[in-house]
Amino acid sequence: MLTNEDNERLVRVSQGTEMGRLMRLYWIPFLRSSDVTVDGQPYRVRLLGEDLVAFRDTQGQVGLVDHACPHRGAPLVFGRNEQEGIRCIYHGWKFDVTGKCKEIPTEPAGSPMVDKIRVKSYPVRERNGVLWTYMGPDIDIPPPLPNVEWNLVPEEQVVVTLRVQECNWLQALEGEIDSAHAAILHGRVDNSGTINQWKQGQDKAPTFECAQHDSGLSIASRRKIGEDRNYIRVNQYMMPFWTLVPPQSQYPELSGHAWVPIDDEHTLCLMFSYHPSEPFYEKTRKLFRDGHAGRETGHASDDSFEVRAITEPYHTYWNKFNRGNAYRFDYQTQVEKYNAGLPGLWVQDAACQSGVSPIYDRTKEHLGTSDSGIVRVRRLLLNTLKTITTDQNSRPLSVVDPDQLMHRAISITVASDTDWMVAGKEFMQAQLGEGFGYEP
């Protein structure tokens, strides 16, 4: 379990907090490129507790600026996005994507105020349909954009979706590195369906082993498959908020999340699924988009969202499956068909991660051997916080070296006496354009 003090250190992300400072050392993916259009409606964002507005100017450049005009605090989400900038509707003050004031119609011509006024802004980079921002101390000379394989492969090889989850970022992240739950939570009472045929379902008490690397942890679960074979699934945790999930044998794909903190109690869940060397399966792409018979997959379907007012951060990514309606839990379904009684994979995960409270009291936990990956990730984060607090100039290697995040999660079947780190070393290193290298 965590002490209350350590839990607070890990989940609080606003300016001035230890975790907030660590998060601000990294580039953060925060929107899809399609969410902001040239001279189109500005989009409200909240990241690490900061309220912001994103907009795309006439030249196609994206700005991420404070949500309030520095004149009288009017909301810039109502701003007129035109002619190279966003114009506040209150008094017409106009700002470009760098936050520089361009016009103040209410002041005399040549007023020095124009050159002095700025609105807070953060740099934005765009790559393969995703917008990234850097909110750190070296804002004029930011580190390189990280090389994560899902954001480097061609568009036809990847699916990316976003949704808001009602809990702190670590609570959500820990659910994905906990592979002991998958066959239980996502299985069926009637023993039908694909999930009940997963290899990990044959051994529900796996042995866990962890190996630390320069950007995080490899978390391996070893399951017995027959007398002398083991099925090894290696999840990856990468600093600060990345998780990678191993492929399944049917329609193998690589997937994972960026668990981006919106604030202390809400998380932007950016999910990616991709094939490393071939176009993504159209059947699976459609399944992600439409769901299946009213049930959700690992991705939030197009029909799962409830659009909110434009003044609410991430107004297009709030979901109709939430704590307020018990995630549409149905007890009769639980009795007759699905273990969880909840309508689909991500909903089942979110209900368990968020259903009690946005920040759970971790002093009440009773952790077992299957939680070793979670314990190690917490320890790694706490140690990193100690390092950057002691040395203000310290930077994790995963900040300064963009290739440190080129990892893959793997699922391999090996002889029972095989060292998974040796057997899987080659496959866990992402090589752009290369296939799995083995049969998942």
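Me: Which residue does Arg9 form a salt bridge with, and how far apart are the closest N and O atoms?
Reply: In this predicted model, Arg9 forms a salt bridge with Glu18, and the closest N and O atoms of the two are 2.8 Å apart.

Me: Are those two buried or exposed, or partly exposed?
Reply: Arg9 is partly exposed, as its relative accessible area is 22%, and Glu18 likewise counts as partly exposed, at 26% relative accessibility.

Me: Where do Asp290 and Lys286 lie?
Reply: Both lie in helix α6, which covers residues 282-290, and they are four residues apart, about one turn of the helix. Asp290 is partly exposed with a relative accessible area of 40%, and Lys286 is partly exposed with 48%.

Me: Which residues are linked in a network of salt bridges?
Reply: Arg24, Glu50, Asp66 and Lys120 are linked in such a network.

Me: Switching to rings, how many aromatic pairs does the search find?
Reply: The search of the whole structure finds 15 aromatic pairs. One of them is Trp242 with Phe272, whose ring centres are 6.2 Å apart and whose planes stand at 55°, so the pair is tilted. This pair links distant parts of the chain, with Trp242 in strand β16 (residues 242-245) and Phe272 in strand β18 (residues 266-274), 30 residues apart.

Me: Are Trp242 and Phe272 buried or exposed?
Reply: Trp242 is buried, and Phe272 is buried as well.

Me: What about Phe427 and Tyr438, why is that pair tilted?
Reply: The ring centres of Phe427 and Tyr438 are 4.9 Å apart and the planes are at 45°, so the pair counts as tilted. Distant parts of the chain are linked here too, since Phe427 is in helix α11 (residues 420-428) and Tyr438 is in the segment after α11, 11 residues apart. Phe427 counts as buried at 17% relative accessibility, and Tyr438 counts as buried at 15%.

Me: Which residues do ring pairs link into a cluster?
Reply: The cluster consists of Trp132, Trp150, Phe241, Trp242, Phe272 and Tyr274, linked by ring pairs.

Me: And which rings have an arginine over them?
Reply: Arg295 lies over the face of Tyr338, at 3.5 Å from the ring centre, and the charged end of Arg328 sits over the ring of Phe321, 5.6 Å from its centre.

Me: How many bridges join β12 to β18?
Reply: Eight bridges join β12 to β18, and the two strands run antiparallel, with Arg163 standing opposite Cys269 in β18. Strand β17 (residues 254-263) also runs antiparallel to β18, joined to it by nine bridges, and Pro261 stands opposite Thr267 in β18. β17 and β18 form a hairpin with two residues between them.

Me: Is β18 mostly covered or mostly uncovered?
Reply: β18 is mostly covered, as eight of its nine residues are buried.

Me: Last one, in what order do the four strands of the open sheet come?
Reply: The order is β2-β3-β4-β9, with antiparallel pairing, and the edge strands are β2 (43-47) and β9 (121-122), each of which pairs on one side only. Strand β4 (residues 62-66) and β9 pair in the antiparallel sense over two bridges, and Val65 stands opposite Ser121 in β9.

Key
Residues numbered from 1 in each chain as written. Predicted model: local features only at pLDDT ≥ 70, side-chain atom pairs only at ≥ 80, totals over all residues. Heavy atoms only, no water. Phe/Tyr/Trp six-rings, centres within 6.5 Å; stacked < 30°, edge-to-face > 60°. Buried < 20%, exposed > 50% of the residue type's maximum accessible area, 1.4 Å probe, protein only. Lys NZ or Arg CZ within 6 Å of the ring centre and 35° of its normal. Pairing = 2+ DSSP bridges. Salt bridge = Lys/Arg side-chain N within 4 Å of Asp/Glu carboxyl O.
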